[in-house]
Amino acid sequence: MKVRFWGTRGSIATPGETTLRYGGNTSCVEVRSDSGVIILIDCGTGAAAFGRSLMAAGEAKKGSILISHTHWDHIQGLPFFAPLFEPGNEWHIYGPRGVNQSLKDVLAGQMEYAYFPVKLDALSANVHFHEVVEGAFAIGDVRITTQYLNHPALTVGYRLEADGASLVYASDHESHSPAAGEGHPGTLESGDVAHIDFMRGADLVIHDAQYTAREYPEKLGWGHSTIEYAVDMAAAAQARKLAIYHHDPARTDEAVDALVASARARAAAAGADLDVVGAAEGDVIVLQGAANDDKFTPFMPSSLVEPAGDVSEELVLIAGVAAAERAVLTAAAREDGIPSVSEVPVEKLAQAVADAQPSLIFLGDAEPGVDPVALCRALRQGQAGDTPIIIVSDQTRVPADKGEAAGVTDWLTRPYSLQYARSRMRAWIMRAMLRWRKAALPENEEKRLAAVERLHLLDTDPEERFDRHARIAANALDAPIALVTLIDRDRQWYKSHYGFDFSESPRDIGFCTHAILQAEPLVVTDALKDDRFADNPAVVGDPHVRFYAGVPLCDAAGVRVGAFCVVDHKPRSLSAAQLRLLQDIARMIEEELEPRTAAKAG
């Protein structure tokens, strides 16, 4: 992939003699794959020059624009992007799905008559608008994964993978842990851990670094990263190169030079093999991938799924939160058209959750003697299911992994503004509106991953000793697909995949990742009627899963390392005898796992 910066400045365009080297145009990055796919990430003022360049080169006929969010500095170049005004051109615009306004309507707002002489409807090109949520989709040969960022507007980060290389674009993102923003990476919250996972192993990370740790206390809640946080996260993710981006408009070229030098020193002090550069207009970075790009699965989920229902039907429950904060959360919900916000006494919360089936739950620390983490754990063991549970607190009371084990979805850390609470609530509600739940991590996840590694089966060639079991199960149970699955850190890898063309798929969309959470078989008779799976990309798209039956696979020590499953494209069920047969075959597969075989040989 070839990456070129057309705009690197944050907040407002800043032309002038003090910004000549790093540039004064706002966010705009060009990405091209070897096959010629053209993608523009964000459409700040730098898009005007990029559009003129495309027109001059005769390359404006077709392309795509990825918008991280619709704040002015990321969309002001759209009315000046010349390819959109050329008849016969075809462009696709992707951006985060709003709660009450469509992406097209928001973009049209800045082109209303009071602000601009040409309306959005006057664009002569054939322009398609696509609203994204968290997930992934493809543009040509480029795989794009999306994840919500932490900003006072619904914002997505983009991970692009093509030609064996990977790029992460994370502009306008604030640390979830204020302490991490101040340069203390040992104080991460679950959102920071997810951010690291999103960037993991990237060849290039383009990351918001508008502030310094010294400046951050005065900018808390503004939705931007510090340079220290950007370095720490990229280093933890084992990224190869970090481009510091979204430069503060008051920062001169010399000031940016000094910050780049400090960032390099921080990476070196941490022992990170991380190349740090300052993003500058006109700079080109060529990402040379591996000779083969098999590390990127061709199996594509989709983030272009429209949530079912209407936001006005959503219910938010609040318990253990002080009155002043309840008022802020209620106002944030109602500004987005969520009228149903109810305060519930802690002692009545479990019953309220069972009766009302809320879309979102806030738990606070205002009531003496009530531990919101313990309360969350109790709700998860009761009727809360996969409902997002947010803890409102001064700081995380337990490490991120412990909070996740208790079922904490996220933290709302004080101090926060109404606008910040509103943007976070949007992301949580958008996730809840999707009838698709990613499986929780098992409490013994690190031990489980180590057990998977000890099998020495990942990325090995097919073997008849496994293939025959999949083949027998598929034929005996009249199922088109049978899989022997190992659950790796971020993927489902198939040691055997009868009736299925791919050797792996993303962990987030897996059914088997749910199966390893219980000892008994997981049977889904109709995925479209199950809120955990109905909007799952593997259900609404290829391979169109409707029926799933999976039995967890254990190693010799009883650790669940994967699952053996059969899949069908139509709803159905298994008889008791058929389910026993599936379990029997699973037990035979376990006999083939290496540690068990080695133990027998000894």
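# Exercises on a Predicted Protein Model

At 4% relative accessibility, alanine 209 counts as buried. The structure is a predicted model, and the exercises below begin with this residue.

**Exercise 1.** Determine where alanine 209 lies and which residues it is in contact with, leaving aside neighbours within four places in sequence.

*Solution.* Step 1: Residues with under 20% relative accessible area are called buried; alanine 209, at 4%, therefore belongs to this class.
Step 1: The residue is found in the loop that connects β11 (204–208) with α5 (227–236).
Step 2: Beyond its sequence neighbours within four places, alanine 209 contacts Ser225, Thr226, Ile227, Ala230, Ile244 and Tyr245.
Step 3: Glycine 278 is 69 residues away along the chain, and its C-alpha atom is separated from that of alanine 209 by 9.8 Å.

**Exercise 2.** Decide whether helix α4 (residues 190–199) is largely enclosed or largely open.

*Solution.* Step 1: List the buried residues of α4: Ser190, Gly191, Asp192, His195, Ile196, Phe198 and Met199.
Step 1: These are 7 of the 10 residues of the helix, so α4 is largely enclosed by the rest of the structure.
Step 2: After α4 comes glycine 201, which has a positive phi near 70°.

**Exercise 3.** Describe the largest nonpolar core and the surroundings of leucine 167.

*Solution.* Step 1: The largest nonpolar core has 39 residues, and those touching the most other members are Ile39, Ile41, Leu66, Leu160, Leu167 and Ile206.
Step 1: Strand β9 (residues 156–162) supplies the largest share of this core, with 4 residues.
Step 2: Setting aside residues up to four places away in sequence, leucine 167 touches Met1, Val3, Val31, Ile41, Tyr158, Arg159, Leu160, Leu204, Ile206 and Leu287.

**Exercise 4.** State how many positive and negative side chains the protein has.

*Solution.* The protein has 57 positive and 84 negative side chains, and the centres of these two sets are 3 Å apart.

Technical notes. Residues are numbered from 1 along each chain as its sequence is written. This is a predicted model: local features need pLDDT of at least 70, side-chain atom pairs count only at pLDDT 80 or more; totals for chains, interfaces and linings use all residues. Side-chain values use heavy atoms; hydrogens and water are left out. A nonpolar core is a set of buried Ala, Val, Leu, Ile, Met, Phe, Trp, Tyr and Cys residues joined through side-chain atoms within 4.5 Å. Buried means under 20% relative accessible area, exposed over 50%, partly exposed in between (1.4 Å probe, protein chains only). Helices (H or I, at least four residues) and strands (E, at least two) are DSSP runs, numbered from the N terminus. Contact means heavy atoms within 4.5 Å. Lys and Arg count as positive and Asp and Glu as negative; His and the chain ends are not counted. The place of a charge is taken as NZ of Lys, CZ of Arg, CG of Asp or CD of Glu.
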